[in-house]
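Work through the exercises below with the sequence and the model at hand. Each task is followed by a stepwise solution.

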Amino acid sequence: MKMTESTIARTGAQPLNPPQQGSGDIASAACPPPRSHPQGAPAPRSGAQLLIDALKVHGVDMVFGVPGESYLDVLDAFYDARDDIKFVICRQEGGVTNMAEAYGKLTGRPGVCFVTRGPGATNASIGIHTAFQDSTPLILFIGQVSTKVAEREAFQEIDYRRMYGQMAKWVAQIDRAERVPDMVSHAFHLAVSGRPGPVVLALPEDMQSATATVADTARYQRVAAHPGSDDMNRLREMLAQAQRPFVMLGGGGWNPQACADFQAFAAANALPVGASYRCQDLFDNRHPNYVGDIAVGLNPALERRIRNADLLLAVGPRLGEWTTINYTLLDIPRPRQKFIHVHAGAEELGRVYQGDLLINSGMPEFAAAARKLAPVKAPWAEAAKAARAEYEAWQQPVAAPGALNMSEVIAFLRQRLPPETIVTNGAGNFSLWVHRFYQYTGFRTQLGPTSGAMGYGVPSGVAAKLVHPERPVVSFSGDGCFLMNGQELATAAKYGANVIFIVINNGIYGTIRMNQETAYPGRVIATDLCNPDFAALARAYGLQGEVVAKTADFEAAFERAWNAKTAALIELKVDPDAIVPHATLSAIRAKALKARS
Ligand SMILES: Cc1ncc(C[n+]2csc(CCOP(=O)(O)OP(=O)(O)O)c2C)c(N)n1
Ligand SMILES: [Mg+2]
């Protein structure tokens, strides 16, 4: 990717050179030797010191947290490591785990975070759930009551194994200091291997201060399945027999090389490629083979093509509720189309959809093998071009009620933002405008929660800027979404994370209002909002803030935000009737009322 002059004006940064992410390269970096006496025997260390040394062994450079008295020893050990590991202090544990999740998505390495017991751990849960649904590597450490008082419901005591049981790949408590190196090592292996995901480790206070004489482990390695040559031959055969193939990309565990490999395979075979919900950045949207995303607000022309396909190749997505339009897009259990499903977790294959070919493989491993396949004849090449034309038509701005048209704002940003920009968003109808009218240019130019968690936009934007200070970051939130983690503006201010925050203010929890009007037209309840002056709020944090109410005013406001010396917030006042790009709220209500009468 090339830096433009405008990028350099904003960031003063050098051209981008993205590190290799999320694959064996992590494992191959040199490990520090175990701490030892001059004679060679390991020196005694506290559980807290063992933990920080383990983080160093595994290459951790940044952690996110809110402090608590339950892990004072660990905090003290961080003090000694402050030159090696940046401890990013957040303002709420929801911000902590969302930032760690964004770090995991961006780097392919586990996002590491620290919270206190009880209230800290409960606040933290949202980012753990997102990491689980989004298949993102993450490790949450929780200060825990001393083992001496365990099971008495001591102050803020919770059994995290039960609390986090369904949301994490592994939840454990390290009761003995000598078990720190191996349990932390296991946590790192698990978080990145197979289908990536979150791990939770509780740290009892007495374990943190107890000492043990034990060696460090080596750095973790990612373990992934490879597709067999039989699998790849069969895939090629099925492709050669197809007339109307269609590819769906999605899920976690990708990296820049895997995306490049897959793009080469798709181009060589003239395949039309769609992206699953909020995974649009896995394939350059400017590429002629990209034909759109498969999610809420699906392009009807694209939907027809998927339904009419004779071969579906799903690489990475779980094929969840939103990508399958409430499990209606493909027949269950056996899709009508010939169906190939590739997934990093064997447990996902055949779970909902039975397939003609189920391949258990990591994404980099599969994409590298696909790239090596000899291309087949592609009688569908013209159809793929037509699908691309339909996508481009779908991207043209649409008419919408009100003085500020979101489709035109996003179309402007599509032209204006340099390709290395990271665009983040939380959950709400506002995000549909971004997903439909923006073009994501490649791996991790998009950060959005496939878990549909509100409040992700702000913390993920801050984390993106901390991980990649040289790249522009634009973060979208609705007026509802923003206030779920808007307190992290303070974190942006503290660390100079100069994100451009865009708040789409329609005065309502719009998504729910829309669903309410659909199911119970006219019976509006619990969806009106009373909002602060968002721009003034940003200024109160020491950031730049302004309000835009007309499309024509956006460009100048954006340039002011771009040139700001701090993070900046632009509040967009939008008409609540402009509820989605393809329908107005009043039309949705009228239709629902008519259907009832
Ligand atoms: C944490 C969380 N709480 C509640 C919901 C349910 N929910 C989904 S969208 C939405 C409204 C979003 O409102 P806003 O951010 O203002 O965006 P809009 O839909 O108005 O564009 C709600 C309440 C959710 N997805 N996540
Ligand atoms: Mg709203």
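Predicted model: local features only at pLDDT ≥ 70, side-chain atom pairs only at ≥ 80, totals over all residues.

**Exercise 1.** Identify the protein donors of the magnesium ion (ligand 2) and describe how the donor residues are spaced in sequence.

*Solution.* 
1. Asp 479 (OD), Asn 506 (OD1) and Ile 508 (O) are the protein donors, at 2.1 to 2.2 Å from the ion.
2. Their spacing in sequence reads D-x26-N-x1-I.
3. Asp 479 in helix H18 and Ile 508 in the loop between strand S18 (500-505) and helix H20 (510-519) are 29 residues apart, and the pair links distant parts of the chain.
4. Asp 479 and Ile 508 are both buried.

**Exercise 2.** Which residues of helix H13 (residues 363-372) are buried, and what covers them?

*Solution.* 
1. The buried residues are Met 363, Pro 364, Glu 365, Phe 366, Ala 367 and Ala 370.
2. Their cover includes helices H10 (229-241) and H11 (256-268), together with strands S12 (311-315), S13 (338-343) and S14 (357-360).

**Exercise 3.** Which residues touch the most other members of the largest nonpolar core?

*Solution.* 
1. The core has 49 residues, and those residues are Phe 64, Leu 140, Tyr 164 and Phe 501.
2. Beyond four places in sequence, the contacts of Phe 64 include Val 88, Met 99, Phe 114 and Leu 466.

Definitions and conventions
Residues numbered from 1 in each chain as written. Chains lettered and ligands numbered in written order. Heavy atoms only, no water. Buried < 20%, exposed > 50% of the residue type's maximum accessible area, 1.4 Å probe, protein only. Helix = DSSP H or I, 4+ residues; strand = E, 2+ residues; numbered from the N terminus. Contact = heavy atoms within 4.5 Å. Donors = N, O, S within 2.8 Å, 3.2 Å for Na, K, Ca; no water. Core = buried A, V, L, I, M, F, W, Y, C linked by side-chain atoms within 4.5 Å.
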